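Here's a quick tour for someone meeting this model for the first time. Have a look at the structure below, then read on.

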Amino acid sequence: MKKTEPNQTERNLFELYAEDPTEADRIVFGRVPNADRRGFLKGAGLATMAAMLGGFIPFHRNMPAGMIPVALAEEAFSIEGKDGLVVLNDRPLNAETPAHLLDDAVTPTDRHFIRNNGLPPETVDVDSWTLTIDGEVDKPLELSIADLKKQFEVVTLQLQLECGGNGRAGFEPKAKGNQWTVGAIGCSKWTGVRLADVLKAAGVKDTAVYTANFGADTHLSGQADKLPISRGVPIAKAMNPYNLIAFEQNGAPMHPMNGHPLRLVIPGWPGSCSHKWLTRVQIRDQVHDGAKMTGSSYRVPRYPVAPGQEVPDEDFVIIESLPVKSLITYPESGTEVSSSHPVALVRGHAWAGDNKVSKVEISTDFGSTWTEASLTEPVNDFAWQHFSADVRFPMAGYYEVWARATDDQGRAQPFEPAWNPKGYLNNSIHRVAVRVV
Ligand SMILES: Nc1nc2c(c(=O)[nH]1)N[C@H]1C(S)=C(S)[C@@H](COP(=O)(O)O)O[C@H]1N2
Ligand SMILES: [Mo]
């Protein structure tokens with residue numbers, strides 16, 4: 001990754017925030033410790049932030065603590081091998097793809113989002129890379145990438161990968177964490193071997209309950225005994241034939257930030273299950289309790305809660321299949337259409353976790369009427385589906401095009417997301433602005 005405009009101050013800011021967001025807020029902006037919102041920002045702290053952002057911040061009371069204002073993050077960095085991604089944080093690196101750059105049927109590698117929890121391995125030796133399968137198995141395995149290719153059937157599948165926090169920016173009150181808008185989703189072609197085949201070769205015992213996934217990235221603190229992330233899935237999900245231990249993305253080695261040289265792709269579930277820089281899959285006789293498996297990480301209340309409501313730890317459940325969702329990738333929001341020919345082709349993708357999408361509807365009148373778009377079948381299970389529709393605008397003016405997908409269980413995307421403390425699972429309908437001039 002390289003920075004386009006070298007600016008040591010910004011770099012330090014990111015490092016500071018990565019280490020300890022609360023302390024960073026206190027140092028940089030003079031926020032009162034233990035207050036959980038920047039609403040307590042005042043005096044010199046507020047003045048500093050305003051100066052950095054180039055103006056007074058009318059809604060500064062709403063700014064989440066530990067959030068780096070997007071103006072400081074935007075366009076300050078460019079990532080080698082990525083095109084047009086918006087960087088939300090640079091340490092750890094998190095970058096999303098604007099909706100209109102996700103227009104391709106198959107997400108190109110340079111448009112696939114990046115979500116890192118720690119620091120990726122600096123050097124990667126493909127030839128000496130090994131994957132260990134151990135724990136509740138009859139025969140622990142240690143396999144090189146060449147072994148994987150030789151001993152198991154190599155398959156290519158187009159698979160959706162979405163961060164469980166995609167859409168977090170749409171919650172009010174704001175949830176802490178990366179403020180993803182809509183672009184933490186991709187659907188590339190992944191080549192690898194089936195996780196199920198490898199687990200079967202190791203012989204999964206009857207005592208097996210959950211996987212524990214491990215990779216070669218390191219914790220931001222630099223402490224060797226701390227892991228940035230170690231999540232897993234129940235054995236039944238692990239055995240799904242669409243999970244891959246992948247070594248290629250779109251027919252080429254994957255991007256270093258997307259897990260080169262080896263990663264899991266566990267489609268339909270939070271992206272965090274798809275471990276990058278994969279070194280070990282341990283089979284456990286209980287639900288995994290690794291980094292980001294417990295507390296409020298990738299977990300949501302098991303009942304609906306009011307925005308801002310406190311939820312006791314025991315009432316959280318681990319997120320499994322992601323909910324139905326769609327994304328308008330054309331036209332780009334803000335597009336102008338001529339009133340001499342007031343029609344527009346609208347298209348995008350829809351997906352539904354472990355399920356299929358049964359219909360996508362489009363509205364141009366703020367949801368009062370809906371017309372069904374045409375919708376393709378997925379090229380394989382867990383690939384997103386594509387929708388398209390021609391829409392006509394009755395007169396000049398401001399319109400919003402809305403898309404609403406419904407899954408094969410009859411569940412439709414809501415207008416408002418269901419609030420939860422960490423801002424997961426925002427599957428509210430996608431809206432783009434169109435002006436007819
Ligand atoms: N080793 C490792 N694997 C990881 C992560 C990580 O930080 N380290 N992030 C996870 C999360 S939260 C997501 S959403 C996906 C993102 O995959 P991508 O960066 O290839 O888009 O990777 C997952 N796998
Ligand atoms: Mo994620």
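## Cysteines

C163 has 7% relative accessibility, so C163 counts as buried; buried means under 20% relative accessible area, worked out with a 1.4 Å probe and protein chains only. C187 sits at 0%, so C187 is buried too. As for disulfides (pairs of cysteine sulfur atoms within 2.5 Å), the structure holds zero.

## About the model

This is a predicted model, where local features need pLDDT of at least 70, side-chain atom pairs need 80 or more, and totals for chains, interfaces and linings use all residues. Residues are numbered from 1 along each chain, chains are lettered from A and ligands numbered from 1 as written, and side-chain values use heavy atoms, leaving out hydrogens and water.

## Around ligand 1

Which residues come nearest to ligand 1? Of the 20 around ligand 1, they are F113, N117, D217, R263 and K276, where being near takes a heavy atom within 4 Å. The shell has eight nonpolar, eight polar and four charged residues.

A nitrogen of ligand 1 is 2.6 Å from a side-chain N or O atom of D217, and a nitrogen is 3.1 Å from one in the side chain of H275. On the backbone side, a polar atom of R115 is 2.9 Å from an oxygen of ligand 1.

Terms used: A polar contact is a pair of N or O atoms within 3.5 Å; within protein, one must be able to donate a hydrogen and the other to accept it, and residues adjacent in sequence count only if both atoms are side-chain atoms. Ala, Val, Leu, Ile, Met, Phe, Trp, Tyr, Cys and Pro count as nonpolar, Asp, Glu, Lys and Arg as charged, and the others, Gly among them, as polar. Buried means under 20% relative accessible area, exposed over 50%, partly exposed in between (1.4 Å probe, protein chains only).
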